[in-house]
Amino acid sequence: MAKQLALTRRAQYLAVYGSGKAFADSALLVKVMPNRLGATRSGFSISKQIGKATVRNRVKRLLKENVRQLELKAGWDIVFIARRSIVETDYHTLGSIMSRLLRRAGILEQDAKKAGAEAN
RNA sequence: CAAGCAGGCCGGGUAGCCGCUCCGAUGUUUUCACACCGGAGAGGAAAGUCCGAACUCCGCCAGGCAGGGUGCUGGGUAACGCCCAGGAGGGGUGACCCUACGGAAAGUGCAACAGAAACAUACCGCCCCUCGCGAGAGGAGCAAGGGUGAAAUGGUGAGGUAAGAGCUCACCGGCGGAAGGGUGACCUUCCGGCCGUGCAAACCCCACCCGGAGCAAGACCUAAUAGGGGGAAAUGGUAUGCCUGGACCGUCCCCGGGUUGGUCGCAUGACCCCGAUGGCAACAUCGGGGCAAGAUGGAUGGCUACCGCCCCGUGAAAGCGGGGUACAGAAUUCGGCUUAUAGGCCUGCUUGGUAU
RNA sequence: CGGGGUGUAGCGCAGCCUGGUAGCGCACCUGAAUGGGGUUCAGGUGGUCGUCGGUUCAAAUCCGACCACCCCGA
């Protein structure tokens, strides 16, 4: 994932936390907020409660890879917040969870619906 | 063959598709960047942060006192609480392993409860003498036996005695002295007399070492705001305990305001590999060769297929089916220690069994 | 990444420096007082002292290692 598509400042995270809409699953919490950039940026929050450094790295990489595969509408800031049960979730299950949550948020491209159904 | 001891090593592989960070070349572009090609990209512990250093800043000024650390001896090292070799003590049939292992006649303190006594003692007792018909009472001696305790004034045996005791003797242990060996810890031999304990991971004494903070250290650049208001104090302040001397001058607190960007530090180093020489070894010296991650909301990845390895079931075997493939993720960099770790390999040695 | 602190009864804490008895408040249980409840009074239950080793006759306390949680830092 390219660097300019990532949230890199604490202020950006706090803005999404404060005024973004939330969509939740038992393994994942997603907060989204529209921006005016014409591009969609995403950030990841995996706290120390999730596990040791190896586990946190693994979770973040799975999330990033799934974001890369999904086709998202432009112009949104998205923060993915991991919950404890995400440790037992594999790549494909996590992909279906993410596509479901983002479709509810209304920022998944219609073309990608098919791919999301396939992943299920 | 089985059980074990010591040392060293590895810690999945190949291919395809899609990605990430850095470096280099080319092209487009005013720059920022973008496209494409090539190269590099987690560990033995990267971990815990328990020690030691490099490096950086702080007033590392001088002296002294506190305070902290280490603790058998000798060596290695930049340094260490690490490593090597040796000594002593302890454990194991053995290979071998373990040990914070200086000082208790420098001083202070503690040893609860129990017990007569925990620095000097006699509770139950033992023996002798006197009185008494006797039970017993008084006097003198003893510390062997019993009892209490974690610990009771060297141990075993013999002699000796009224009963006993290092009272005497032999051996052992401890202490002191002498001689010899060893750089030293210490060892061996001889002589002397018979001397109460434990705790220094209690204070302490002795020997040696230590200024403090840490890469969010620190340096530079760009942008922006302000050169402000109030108070304390001159026996004040100048970075980390205290005192003395010396040096310097504004210092400290509160309110208000601004920045929470970029670059460097940052990877050629007490570096790695091979060989030779010196040394029992740790290690050192010399020669040759090599360059091996560098992120900053933090890269080093995701998926698929096949193979390898281990376990279980089935089977004569081949094979088949199922499951597993650990601990763990660089953040200034090194030297150690400690802790976690599926499975596997190599070398030497010990004990027991069997065969020749 | 670096620095520091704390783990003791259900909860909040003391005891640790200077080693031998684990204590205080709230809560809980029983009884008294009230027609009943609260308040009050009396009595009582309850703790592997975070875990594992070491020193010591003896460890919550001294020493070492490990685990968990919390705080601070341009």
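A nonpolar core is a set of buried Ala, Val, Leu, Ile, Met, Phe, Trp, Tyr and Cys residues joined through side-chain atoms within 4.5 Å. Buried means under 20% relative accessible area, exposed over 50%, and partly exposed in between (1.4 Å probe, protein chains only).

This is a predicted model: local features need pLDDT of at least 70, side-chain atom pairs count only at pLDDT 80 or more, and totals for chains, interfaces and linings use all residues. Residues are numbered from 1 along each chain as its sequence is written, chains are lettered from A and ligands numbered from 1 in the order in which they are written, and side-chain values use heavy atoms, with hydrogens and water left out.

**Exercise 1. Describe the largest nonpolar core and its main contributors.**

Step 1. The core holds 25 residues, and Leu28, Val30, Leu63, Phe80, Ile86, Met98 and Leu102 touch the most other members.

Step 2. Assign the elements. Strand 2 (28–34), helix 2 (53–69), strand 4 (76–82) and helix 3 (91–105) each give two or more residues. Helix 3 supplies the largest share, six residues.

Step 3. Beyond its neighbours within four places in sequence, Ile86 is in contact (heavy atoms within 4.5 Å) with Ala27, Leu28, Ile50, Val59, Leu63 and Leu94.

Step 4. Look for another core. A second, separate one has seven residues, including Leu7, Tyr13, Val16 and Leu29.

**Exercise 2. Work out how strand 4 pairs with strand 2 and strand 3.**

Step 1. Apply the rule. Two strands pair if DSSP finds at least two bridges between them.

Step 2. Take strand 2. Seven bridges join it to strand 4, and the two run antiparallel. Lys31 stands opposite Val79.

Step 3. Take strand 3. Its pairing with strand 4 is parallel, over five bridges. Gly43 has Val79 as its bridge partner, and Ser42 stands opposite Ile78.

Step 4. Follow the chain. From strand 3 it crosses through helix 2 to strand 4, in a left-handed β-α-β crossover. The right-handed case is a path that runs clockwise from the first strand over the helix to the second, with the strands pointing away from the viewer.

Step 5. Check cover. In strand 4, six of seven residues are buried. In strand 3 (residues 41–45), four of five are.

**Exercise 3. Classify the aromatic pair of Phe44 and Phe80.**

Step 1. State the rule. Rings of Phe, Tyr and Trp (its six-membered ring) pair if their centres lie within 6.5 Å; planes under 30 degrees apart count as stacked, over 60 as edge-to-face and the rest as tilted. The count comes to two aromatic pairs.

Step 2. Apply it. Phe44 and Phe80 are stacked, at 5.6 Å centre to centre and 15 degrees between the planes.

Step 3. Phe44 is in strand 3 and Phe80 in strand 4, 36 residues apart.

Step 4. Check burial. Phe44 is buried because its relative accessible area is 14%. Phe80 counts as buried at 0%.

**Exercise 4. Decide whether Leu108 is buried or exposed.**

Step 1. Locate it. Leu108 lies in the loop between helix 3 and helix 4 (113–119).

Step 2. Read its accessibility. Leu108 stands at 4%, so it counts as buried.

Step 3. List its contacts. Leaving aside neighbours within four places in sequence, Leu108 touches Leu70, Glu71, Leu72, Lys73, Ser99, Leu102 and Arg103.
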